[in-house]
Amino acid sequence: MTESVDIYTDGACRGNPGPGGWGVLLRMGAHEKELWGGEAATTNNRMELLAVINALDAMKRPISARVHSDSQYVLKGIREWIHGWKRNGWKTADKKPVKNADLWQRLDELARQHRIEWIWVKGHAGDPGNERADALANRGIDELQERA
């Protein structure tokens, strides 16, 4: 794992639930790649998760990465909550099913393949990587709505 990748992710939703999009900026040295997509009826949290999932899924081999996200849901989920969910059979502390368990399970599987530093960034506060990921997430929604 010698390569180090900066991954900026964001999700967006117009209505929650509503049409949503996810965006990713991958940066390694001078090289950049943008990814985006959307879903017609979804939630902001699902889009935040799909952004990270699609970013990690794009890696062709194990990497060292810094994942930059403005989503406390994603960051607290992967750093803290997921351990209890797994221990409790994907149930919350009050025995309810974990929301978005399908995506959490996929993220857990992908994250274990890499060495990841999870970094919170304040959303809509001028961080260039986060702003680009946000624009890509909105592009995902726009392109989805253009096709409809």
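Below is a short chat about the sheet, helices and aromatic residues of a predicted model.

Colleague: Hi! What is the strand order in the open sheet?

Modeller: Hello! This is a predicted model, and its open sheet of five strands has the order β3-β2-β1-β4-β5, with mixed pairing.

Colleague: And which strands stand at the edges?

Modeller: Those are β3 (31-42) and β5 (115-120). Each has a single partner strand, so one side of each is left without a neighbour in the sheet.

Colleague: What does the twist average from one strand to the next?

Modeller: The average is 20°.

Colleague: Let's look at β4 and β5. Do they run parallel or antiparallel, and how many bridges join them?

Modeller: Strand β4 (residues 64-69) and β5 run parallel, and six bridges join them.

Colleague: What about α4?

Modeller: Helix α4 (residues 128-147) lies across β1, β2 and β3, and runs at about 140° to β2.

Colleague: Changing topic: how many aromatic pairs does a search of the whole structure find?

Modeller: There are five aromatic pairs. Take Tyr73 and Trp104: their ring centres are 5.3 Å apart and the planes are at 70°, so this pair is edge-to-face.

Colleague: Where in the chain do those two sit?

Modeller: In distant parts of it, 31 residues apart. Tyr73 belongs to helix α2 (residues 72-87) and Trp104 to helix α3 (residues 101-111).

Colleague: Is Tyr73 buried or exposed? And Trp104, buried or exposed?

Modeller: Tyr73 is buried, with a relative accessible area of 17%. Trp104 is buried too, and its value is 0%.

Colleague: Why is the pair of Trp85 and Trp90 described as tilted?

Modeller: Their planes are at 40°, which falls between the cut-offs of 30 and 60 degrees, so the pair counts as tilted. The ring centres are 6.4 Å apart, and both Trp85 and Trp90 are buried.

Colleague: Which residues form the aromatic cluster?

Modeller: Tyr73, Trp81, Trp85, Trp90 and Trp104 form one cluster.

Colleague: Last one: what lies over the face of Trp36?

Modeller: That would be Arg139, at 3.8 Å from the ring centre.

Terms used
Residues are numbered from 1 along each chain as its sequence is written. This is a predicted model: local features need pLDDT of at least 70, side-chain atom pairs count only at pLDDT 80 or more; totals for chains, interfaces and linings use all residues. Side-chain values use heavy atoms; hydrogens and water are left out. Two strands pair if DSSP finds at least two bridges between them. Helices (H or I, at least four residues) and strands (E, at least two) are DSSP runs, numbered from the N terminus. Axes are lines fitted to C-alpha atoms, for helices over the stretch in contact, and angles run from 0 to 180 degrees between N-to-C directions. Contact means heavy atoms within 4.5 Å. Rings of Phe, Tyr and Trp (its six-membered ring) pair if their centres lie within 6.5 Å; planes under 30 degrees apart count as stacked, over 60 as edge-to-face and the rest as tilted. Buried means under 20% relative accessible area, exposed over 50%, partly exposed in between (1.4 Å probe, protein chains only). A charge sits over a ring if NZ of Lys or CZ of Arg is within 6 Å of the ring centre and within 35 degrees of the ring normal.
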